[in-house]
Every structure is written in structure tokens, then in C-alpha cells.
Amino acid sequence: MFIHNFKYTFRTLFKDKILIFWTFAFPIILGTLFSLAFSDIENNEKLSVIDIAVVNGEHEVFKSVFDSLSEGEDKIFDVKYVSEDEALKLLEEEEITGYVVLNIKPKVVVSTNGINETIFKYVVDEVIEYMDIADKLISIKMEDFSQSELDMNEFIANIRDEISLKMSEEVNVKDISSKNLSYTMIEFYTLIAMTALYGGIFAVVTINNSLANMSTKGARVAVSPTSKRTLIFSSLLSGYLVQLLGLFLLFIYTIFVLKVDYGSDLFLVILVALVGSFAGLSLGVFVASMFKTNENVKTGILIAVVMFGSFLSGMMGITMKYMIDSNVPILNKLNPAAMITDALYSLYYFEGRERFYFNIISLLLFSLILIGISLFSLRRQKYDSI
């Protein structure tokens, strides 16, 4: 009976056009709109080469820094070594972002405030800071050596070691992100979360078909000698597999058509999809068992809950998730869409897997709690007549 009901439910679900639209077509349509809307955002916001000028370019330290930052495919600056009058003229004609005068105390000159100007000034300030560190170290080391025993090679080696140590202490930012790191990826992460949770619609249909006061099929099930648990479990398993098929098609479409890069930890991404789909199934069971209304209303409630959760996790605005995490963190701790999104985020934004597995465990606890409440509600239901 288990296999028979499983196959029957599987075929029935595929014949429901509304279900297929919300779980198969809608996510693909939404993913396409995301791609069209955000495909050029990051390309337009990529840092372009900054045109600058350097006055008194014989300063070896600054010349070495600017030359190194003006080479290769990822160069930051395009440098011109000119006189101060020429630099001022280039700035007035807006041919350069700004220029630096390398006197005893370097001076940066810009005409406006913007991203390029800020980057230019930041680089100059960093060079000055490290030059100050080097000067202080030289002064200290000179006191440690008497003129008679000064070994220049040893002296230079010590200075370099000290500067390297200071720089490593000052610059403690570590890049652990993968190549697919992109703030627009939050949209596709929320899309996966939404699709996984939309699978709860299958659970709504399954539970409604097992309730005697909700459908004629439920009435037949109530009086049949077949185990109700077997029928419900086989139907839910069938809906879960259909749900996973919808997610699989979404992954195929976004990876090969929209060229979305989910990174190298594909197994963990699949794990999120599996657990997220289970959370969606449990949410559907909860809605179907707790609300005493018809199937369409229950489906509407589920869709509204999922869309609101997706909104809070960043689907309609990539800053929303940050705002919620900063101001009302408990809200996203209870939001399954935010748990799924955060689990995917943690794969590429954080070192280690602690945060990832915390979200996976949270999703499982969320699912088990909802299923427990739903089973308690279903067991209490009695009918005066069928």
C-alpha cells in the first residue's frame, strides 16, 4: 500500500498546475528577473583604473609603490610624472583624479570627494605610515649598533624583519572568500530558500487529503482500514521528492543558463537544499493542521509566510538581512528562510563551518518542533460524523 499510494500521489501532484507553477515555474521566472536586474550592477561598480599624477617623482619609495600599483591586469593607477603646474592643469581639465606632491611631507591634491579620491589618499597615507615605522625602527636599531661593529647586511635584514612584523600586525584582514563572493548572490540564496520552503504546498495538499472534514478523499481515508500513518507518510515523501526535483531544476537552470557560481562546496549546498526542503515540508504540515479552513486559504497563508520570511532574509533588498540581524536578530534566528540563506552565506563569508552547521541544526530543530506540534494537533481531531 505504501508504494501504491506513493506512486499515485506522485502522479497526482504533477497534474496540479497551480502546484507546479509555484514550485517549478515561479522560482525560475524570478531567477531570470534577478539575473536581468542585477547582471550589470557589479560590472558597473567595479573599480576602474584611477588616473593620477606625481610631482617630484624621484622619491624612490613612492615611485616604487605607484609603479607596482600601475602594472598588470589588476592595476589600480595610471601614473603620470609631471611638474606641479602640469599636474594642476591636468586636474583642472579633469584628466586626472588628483596628484601628490612629494615634498618632505607629501601633499595630496584633489578637486572633488569620491571613491577614487578616497582610494588615492588612502594609498598615500599608508605609504607615509609605513615610512614612519621604518624611520623609527632605523633610529632604534642605530642605537643598538656601535659604529665599529655595524654590519650593514645584518642591519638591513633586521630592519626588513621588523617592518614585515609591524605590517603583519597592522594589516590583519584575511581574505577567506571564494571567487564567487558577490553581494548580489544573496538574491539567489534567498531564491533557493524560497523554493525549498514552497515545497510546503505539497504538504498542505497531502494533509488536507487526509482530513475527513477537508476533502472527500480525507473522508474515505478516515473510514478505510489502511493505516493513516502509512498513507500520510508515503504522500509526504512523494511531495518531498517532487519538491527536490523542483530545486534540482532550479540549480540546473541557474548554474548552466544564468551562470551562477555556487562555489566548490556543492555537497554542502545540496545539504542545505535537503534540510531546507524538510523545513518547508514541516511548515506546510503545520499550516495544514493548525488552520481550519479550505486548501486555497491554507496555500495562501503558506505563500504569504514564505514570502515574508524571504523578504526579511534579503530577497527584496540585500540590506534587509543586515538590518534585521543588527536590530532584531531573534527574528532571523526563527526565520527558516534566513537560516537557509545564512547557511549558504557562511560557506563563503566565514572561515570554518561552525556557523554553517549551527544553521543546519537550527533548521532541523525548527522542523521537528513544527512536526511535533502538528502531530499533537492531528491526533486530537475527532469528528461527530463523516
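Predicted model: local features only at pLDDT ≥ 70, side-chain atom pairs only at ≥ 80, totals over all residues.
Student: Why are helix α1 and helix α2 called roughly perpendicular to each other?

Tutor: Start with the angle. The axes of α1 (residues 2–15) and α2 (residues 17–38) cross at roughly 80°. Angles of 65 to 115 degrees count as roughly perpendicular. The two helices are therefore roughly perpendicular. Their axes also come within 5 Å.

Student: What makes the contact between α1 and α2?

Tutor: On α1, L13, F14 and K15. On α2, K17, L19, I20 and F24. Contact means heavy atoms within 4.5 Å. Of these residues, five are nonpolar, two are charged and none is polar.

Student: Now the strands. How do you know that both faces of strand β3 are covered?

Tutor: Check each side of β3 (residues 98–101). G98 and V100 lie on one side, Y99 and V101 on the other. All are buried. Buried means under 20% relative accessible area. Both faces are therefore covered.

Student: How do you know that strand β1 and β3 pair?

Tutor: Count bridges. Pairing needs at least two bridges. β1 (residues 50–55) and β3 have four, in the parallel sense. They therefore count as paired. One point to look at is A53, which stands opposite Y99 in β3.

Student: What joins β3 to strand β4, and in which sense do they run?

Tutor: Four bridges join β3 to β4 (residues 107–110), and the strands run antiparallel. V100 has V108 in β4 as its bridge partner. β3 and β4 form a hairpin, with five residues between them.

Notes
Residues numbered from 1 in each chain as written. Heavy atoms only, no water. Axes fitted to C-alpha atoms, helices over the stretch in contact; angles between N-to-C directions. Parallel < 35°, antiparallel > 145°, perpendicular 65-115°, else oblique. Nonpolar A, V, L, I, M, F, W, Y, C, P; charged D, E, K, R; others polar. Buried < 20%, exposed > 50% of the residue type's maximum accessible area, 1.4 Å probe, protein only.
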